[in-house]
Amino acid sequence: MKKSFIISIFAALFSVAVASAQTTREEIDMHPHIAMATQSVYAAPYFFKPIADAPKGYKPFYISHYGRHGSRYESREIYRSWLHNVFHYADSLNLLTEKGRELKAYADKVYDAQYKRVGELTRVGFEQHKGIARRMYENFKPLFSKGAIIESRSSVRNRCIMSMTAFNESLKECEPMLETRMDVSERFQIAMRPVTDYNPLYTQKLELLATSTKRTEWGAHLLKWAENQSFEEPLSKIFTDYRPIQKLMKGSHFNFTKDLYKRLCFAQNIGWHDRTMIDEIFSPEVRHKLFIYDNYYWFNSYCSTSTQISRTFRALVRPLVEDIIEYADAAVAGKNNCTANLRFGHDYFLLELLGVMNFNEIPSEFDISDVEAACEKWRGYRIITMASNLQMVFYKSKKSPDVLVRFLHNENDVHLPIEAVEGPFYKWSDVRQYMLDRLAYLDKK
């Protein structure tokens, strides 16, 4: 084993140790609104660390990027109206406590703000992407000089198109002489949003996706864990008697409590966040339990390489991985006239991409039999919030033929389980082969 490989392994282990110095309970106690990861605002600024300097003589020449859309309104009308309907029904039966009436007023405000805005990007989400673009510009200014060409593609969803718009608007504010090319077309959806009929892999996997969501081994672990937890405490703070409204509780106290917390946390995406209300209704212990359930579910559904549903989704992301490699190869060969290829899509596919890459800091394979221990290893609020992103930055040197690449996940360096040249910098030839090997490996699972 080469010395540089040993050093890179120790560096990666150290970075994981530092990142995990606090437990999930401690981090959620500090930031309770980010516990429901996929529903949370971009949490990366809470966890920023300085990124590593490039090896001597190396300069950036190209960026490849995939980013989730920013904060949005609720994705479905049923999510928008559920909390509103529950509290109005309880109020009609005179079942609300004083705290319950405060919560009803808050729910009404959130409900009204989302009228005819289902699934659209919020101003919070717009600003998230402007901030990410601004920091990308500051970190890699040579790529955004006068006359540089930036090419962006987006999912056809409004929230992704607006995220792309915000990102490019911010880059133009930093350098007005940039040439920004934005495109949205069904033609590109096979890579931007692989769950589309344009992706033959999707039509082949539809039946498997339907069957793989049924009871599984990991699902049994999760249900067994949940059955041994108590989630009734918040209900007694809101209702004088919750038995008359149990038909609205989605089958259990737990489901109601989980969805109530999720909806309250979600309000931050439209610019409202009532930390006091969350603290008064949900104890730190209950908040942490709700995080564990949600986090374990998301890991096993969309990032683990050990579960059938996740492996099925992983197969769909092959066109995205191949798209990244194709444009990177062209940039390395001097045949891509863009200094950045930016892609704007969705959480599922960023998760699948991360699962393919299997970064040391974002593992996709480990023992999941202990539900709580598994959630210390994979923390969704650090991985897949609104506006989460993966940046691949390519470097050249006049003194070496080797092209290097680094990865920034949510704007922090992450490490691959392969030999590094230095710190988080890898030979593109090694990374390219690693990505192809990972696809082949996952195809066999």
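**Helices, strands and ring pairs in a predicted model**

In helix α6, the buried residues are Arg 159, Cys 160, Ser 163, Met 164, Ala 166, Phe 167, Asn 168, Ser 170 and Leu 171, where buried denotes a relative accessible area under 20%, exposed one over 50%, and partly exposed anything in between, computed with a 1.4 Å probe on protein chains only. The model is predicted, so that local features are reported only at pLDDT of at least 70 and side-chain atom pairs only at pLDDT 80 or more, whereas totals for chains, interfaces and linings use all residues. Residues are numbered from 1 along each chain as its sequence is written, and side-chain values rest on heavy atoms, with hydrogens and water left out.

Helices and strands are DSSP runs, numbered from the N terminus, with helices (H or I) having at least four residues and strands (E) at least two. Under this definition the protein holds 19 helices and 8 strands, and buried residues account for 57% of its 445 residues. Contact is taken to mean heavy atoms within 4.5 Å; among contacts between residues at least 6 apart in sequence, 78% join residues at least 24 apart.

Helix α6 covers residues 158–174, and its 17 residues reach 25 Å from the first C-alpha to the last, which is close to the 24 Å expected at 1.5 Å a residue; the expected span is 1.5 Å times one less than the number of residues. The buried residues of α6 pack against β1, α5 (123–139), β2 (149–154), β3 (179–184) and β4 (340–345). One of these buried residues, Cys 160, has a relative accessible area of 0%, and Cys 303 is likewise buried, with a relative accessible area of 0%. The structure contains 0 disulfides, a disulfide being counted when two cysteine sulfur atoms lie within 2.5 Å.

Helix α15, formed by residues 318–332, has 15 residues and reaches 21 Å from its first C-alpha to its last, close to the expected 21 Å at 1.5 Å a residue. Its buried residues are Pro 319, Leu 320, Val 321, Asp 323, Ile 324, Ile 325, Tyr 327, Ala 328 and Ala 331. After α15 comes Gly 334, whose phi is positive, near 75 degrees.

Strand β5 (residues 389–397) is mostly covered, since 8 of its 9 residues are buried. Two strands are said to pair if DSSP finds at least two bridges between them, and β5 pairs with strand β1 (residues 58–68) in the antiparallel sense over 9 bridges. In this pairing Ser 64 stands opposite Met 392 of β5. Strand β5 is also joined to strand β6 (residues 400–409) by 7 bridges, again in an antiparallel arrangement, and here Phe 394 stands opposite Val 405 in β6.

Rings of Phe, Tyr and Trp (its six-membered ring) pair if their centres lie within 6.5 Å, with planes under 30 degrees apart counted as stacked, over 60 as edge-to-face and the rest as tilted. By this rule the count comes to 25 aromatic pairs. Phe 61 and Phe 394 have ring centres 6.4 Å apart and planes at 65 degrees, so the pair is edge-to-face. This pair links distant parts of the chain, with Phe 61 in strand β1 and Phe 394 in strand β5, 333 residues apart, and both Phe 61 and Phe 394 are buried. The rings of Tyr 297 and Trp 298, with centres 6.3 Å apart and planes at 85 degrees, also form an edge-to-face pair; Tyr 297 is partly exposed at 34% relative accessibility, whereas Trp 298 is buried, with a relative accessible area of 11%.

Ser 283 lies in the loop between α12 (275–281) and α13 (284–302) and counts as buried at 14% relative accessibility. Its side chain makes a polar contact with the side chain of Glu 233 at 3.4 Å, a polar contact being a pair of N or O atoms within 3.5 Å, of which, within protein, one must be able to donate a hydrogen and the other to accept it, while residues adjacent in sequence count only if both atoms are side-chain atoms. Asp 437, found in helix α19 (residues 428–444), is partly exposed at 43% relative accessibility. Asp 437 and Val 356 are 81 residues apart in sequence, and their C-alpha atoms are 9.8 Å apart in space.
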